[in-house]
Structure formats: structure tokens, C-alpha cells
Amino acid sequence: MRIIRAHGFGGPDQLVIDEVPLPDPGPGQLRLRVRGIGINPVDWKLLSGKAPVLPSLPLVPGGDVAGVVDAVGEGVAAFAVGDRVMAHPGLTGGYAEALVVDASACAIVPTSLDLVDAASLPLVALTAWQGLVADGRDIAGLHVLVHNAAGGVGTAAVQIVKALGGRVTGTASFGNSDYVRSLGADDVVDFRVDAPDGRRRDIDILLDLVGNSKETGLWSLVRSGGSVIRVAGGADAPNAAEEDGIRAYKVRVRPNGEQLARIAALVGEGRMRPEIAQHFTFDQIPDALRASMSGHIRGKIVASVK
Ligand SMILES: NC(=O)c1ccc[n+]([C@@H]2O[C@H](COP(=O)([O-])OP(=O)(O)OC[C@H]3O[C@@H](n4cnc5c(N)ncnc54)[C@H](OP(=O)(O)O)[C@@H]3O)[C@@H](O)[C@H]2O)c1
């Protein structure tokens with residue numbers, strides 16, 4: 001089988017296609033014949049060698065896959081050969097024609113969803129889910145400010161909040177404004193143009209997908225007792241009570257098949273859809289990474305595997 005990996009840190013030019021033996025699933029694992037791979041900014045950040053935690057080399061990037069189960073490890077009862085599943089297996093290992101992954105990280109893909117498009121969902125939707133609802137918060141009726149609503153995590157977050165009965169204001173550039181509304185956002189603003197007006201302090205949760213919400217004054221929109229969830233930027237902040245009673249904390253996405261199944265259910269019910277900006281092939285993954293590095297992607301980039 002073929003994998004795409006880097007033997008040194010740097011840009012997408014470091015990626016090469018290597019031939020390796022097909023892995024066997026251990027206890028509690030599945031082997032997937034990968035059909036789709038989702039591309040995320042973390043892929044090129046890890047490849048750069050400048051991420052806070054340095055991965056080991058050779059590095060196989062890729063934290064988003066969907067495919068067909070072709071082997072099942074000991075003790076796995078929830079999945080069988082032939083099942084169509086998607087997974088966030090962890091932050092690496094996904095750029096491969098086949099993959100061994102913990103069954104506990106997998107969820108069945110709804111029949112309505114193509115496997116290539118399904119690969120766009122796990123990492124970004126789990127990030128949004130774990131930030132917004134996984135700690136048991138009921139977001140029905142809450143007002144969520146999604147800072148960067150047009151990117152991968154933002155498009156998932158907007159849809160999840162709306163599906164669960166919340167209200168969404170999204171930040172996006174003028175050119176992405178109608179697009180973000182089409183995802184269900186109630187309001188769209190561009191704080192790169194308009195300064196935040198702290199007199200209207202009605203945000204319950206600020207989901208920061210840029211990493212500059214404090215410096216740009218977005219915290220002034222959050223009500224006392226509200227939360228700031230930092231997904232992007234900055235060092236890990238401890239869970240701390242911040243000024244005016246705003247609780248700020250950092251989220252790091254983790255594999256979780258049960259949460260992914262809840263997200264798959266929203267897709268199956270037609271309350272959420274994958275947002276695909278561009279399709280590439282497996283061999284074109286270095287180009288897919290270059291596109292992601294532009295920083296102007298609407299939704300996700302995916303690569304198909306034959
Ligand atoms: N902590 C975690 O576990 C975790 C998980 C997933 C992602 N992340 C991080 O979260 C960040 C977002 O990820 P992503 O996949 O959503 O990124 P992305 O898809 O690459 O985001 C692209 C979008 O960002 C928009 N954007 C850039 N600056 C903006 C600003 N100041 N205001 C509003 N929109 C802005 C761009 O819109 P324009 O074209 O209009 O500029 C574009 O639509 C990345 O840094 C990623 O590494 C962290």
C-alpha cells in the first residue's frame with residue numbers, strides 16, 4: 001500500500017509517496033481501506049516542524065479519514081468487514097491507502113453521504129462538538145459567536161449550534177457573508193472592518209478559531225458568566241476565571257467515536273452537511289496542502305483515494 005510521508009520537516013515539497021506493508025489491526029482496532037482524506041491546517045503545521053509539540057519522523061500527516069472496514073481486530077463487536085466508517089484517528093497517520101485505527105474512534109457514515117465528503121467531517125466537527133457541547137452544556141437558546149465561521153471548524157460549528165437550537169453570529173469577510181448565512185448563521189460581521197461594540201454584551205460563548213479574540217476586543221461582547229473557547233493560537237491557558245467572570249479555556253480535539261456518531265446522526269437527519277471547497281486526488285495531496293496554507297478556504301479540502 002502507498003502512504004504519503006515526510007522524512008524531514010518543511011513545506012509540502014517534503015512529502016513523498018512510499019510503499020509500505022499493509023498493517024494488521026490489533027485488539028480493539030479496525031483496518032480501513034481509505035477512500036477519502038480530509039486536509040486540515042494542523043497537517044502543514046506539524047510538517048513545518050514549528051508546532052509546539054514536534055512529531056517524530058518520518059511523519060505521515062492526516063487526522064481525518066473515511067473508508068471501508070476490511071479487517072477487524074480481536075474484541076471489536078460494533079463494526080464488521082464492509083462497514084463504511086469515518087474517524088479522527090489522532091493528528092497523524094491519515095495520508096495512507098489503508099490505516100489501522102481504534103474502533104472507539106470510528107463512526108458509521110450515513111448512507112446519504114459519499115465517503116470522500118465524509119472524510120471532511122471528523123476533525124473539524126469533533127473540535128466544534130468538544131468545545132461547545134461535550135461537557136454537557138445545553139446550547140439551546142444560547143448566543144454563540146463563531147470567530148471565523150467560513151473555515152473548516154467554523155462551518156461545522158455554525159451548523160451544530162443551529163441544529164441544537166442555539167443562535168449564531170459568525171465572523172467572516174464580506175465575500176463570505178452570504179455563504180456563512182447559508183449555513184444557518186443569524187448574523188455575520190467582519191471585525192477586521194468593524195470594531196466590536198462592547199455595549200451589546202450578549203454573547204454566551206465565543207468560539208475563537210483565529211486566536212486573536214482578546215487583542216481584537218471580541219471578549220468585550222461576552223456577557224459576564226459567559227465562556228471563551230480557544231481553539232486556535234496561543235499557548236495552552238489553564239482553565240481560569242478571567243476578568244468580568246468570563247471563563248476561558250483551550251480545546252484540543254481528541255478521537256471520539258461516540259461523539260462522531262452523534263454528528264453523523266445530524267448529517268443523516270439532514271441537519272448538517274459537509275462543506276467542501278476543493279477536491280484533490282491522493283497523488284495531489286501536496287497541492288491540497290498548499291491550498292490549505294492560503295488561509296482562505298471555505299469549508300474543507302478533501303482528497304480521494306482509489
Ligand atoms: N485546538 C484544536 O484541537 C484545533 C482543531 C482544529 C483546528 N484548530 C486550529 O483552528 C484554526 C481554524 O481551523 P480551520 O480548519 O477552521 O481553518 P481554515 O479552514 O484554514 O480557516 C480558513 C478561513 O479562515 C478565515 N479567517 C482568517 N482570518 C480570519 C479573521 N480574522 N476573521 C474571520 N475569519 C478569518 C478565512 O476567511 P477569509 O478568506 O475571509 O480570510 C477562511 O475562510 C486553525 O489555526 C487550526 O489549526 C485547532
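The structure is a predicted model, in which local features need a pLDDT of at least 70 and side-chain atom pairs count only at pLDDT 80 or more, while totals for chains, interfaces and linings use all residues. Residues are numbered from 1 along each chain as its sequence is written.

The protein chain holds seven helices and 16 strands, where helices (H or I, at least four residues) and strands (E, at least two) are DSSP runs numbered from the N terminus. Along its principal axes, the C-alpha trace spans about 60 × 40 × 35 Å. The radius of gyration of the protein chain is 19 Å, which agrees with the value near 19 Å for a compact globule of 306 residues; this radius is taken over C-alpha atoms, and the globule rule is 2.2 Å times the number of residues to the power 0.38. Buried residues make up 46% of the 306 residues, a residue being buried if 20 or more other C-beta atoms lie within 10 Å of its own, exposed if 12 or fewer, and partly exposed in between, with C-beta atoms placed from the backbone. Of the contacts with a separation of 6 or more, 64% are accounted for by residues 24 or more positions apart, two residues being in contact if their C-beta atoms, placed from the backbone, lie within 7 Å.

Two packed helices are described by the angle between their axes and the distance between the axes. The axes of helix 1 (residues 41-48) and helix 7 (residues 285-293) come within 9 Å and cross at roughly 100°, which makes helix 1 roughly perpendicular to helix 7. Here the axes are lines fitted to C-alpha atoms, for helices over the stretch in contact, and angles run from 0 to 180 degrees between N-to-C directions; those under 35 degrees count as roughly parallel, over 145 as roughly antiparallel, 65 to 115 as roughly perpendicular and the rest as oblique. On the side of helix 1, Pro-41, Asp-43 and Trp-44 take part, and they meet Leu-289, Ser-292 and Met-293 of helix 7. The residues of this contact divide into four nonpolar, one polar and one charged, where Ala, Val, Leu, Ile, Met, Phe, Trp, Tyr, Cys and Pro count as nonpolar, Asp, Glu, Lys and Arg as charged, and the others, Gly among them, as polar.

Within helix 1, the buried residues are Asp-43, Trp-44, Leu-46 and Leu-47. Seen down the axis of helix 1, these residues fall within an arc of 160°, so they line one face of the helix; the arc is that of the directions from the helix axis to the C-beta atoms. Their cover includes strand 1 (2-6), strand 3 (29-39) and helix 7. Helix 1 is followed by Gly-49, which has a positive phi near 80°. In helix 7, the buried residues are Ile-285, Ala-288, Leu-289 and Ser-292, and they cover an arc of only 100° around the axis, which puts them on the same side of helix 7. Among the elements covering them are strand 2, strand 15 (276-281), strand 16 (300-304) and helix 1. Helix 7 is followed by Gly-295, with a positive phi near 75°.

A second pair is formed by helix 3 (residues 122-132) and helix 6 (residues 257-268), whose axes come within 10 Å and cross at roughly 100°, and these helices are therefore roughly perpendicular to each other. Helix 3 contributes Pro-122, Ala-125, Leu-126, Trp-129 and Gln-130 to the contact, and helix 6 contributes Gln-259, Leu-260 and Ile-263. By class, this contact has six nonpolar, two polar and no charged residues.

Gln-14, in the loop between strand 1 and strand 2 (15-19), is partly exposed, with 19 other C-beta atoms within 10 Å. Leaving aside neighbours within four places in sequence, Gln-14 is in contact with Ala-6, Gly-8, Phe-9 and Leu-47. Pro-55 lies in the loop between helix 1 and strand 4 (65-72) and counts as partly exposed, with 16 C-beta neighbours inside 10 Å. Not counting residues up to four places away in sequence, Pro-55 touches Leu-46 and Thr-92. Arg-192, found in the loop between strand 10 (187-189) and strand 11 (203-208), counts as exposed, with 12 C-beta neighbours inside 10 Å. The C-alpha atoms of Arg-192 and Ala-172 are separated by 8.7 Å, although these residues are 20 residues apart along the chain.
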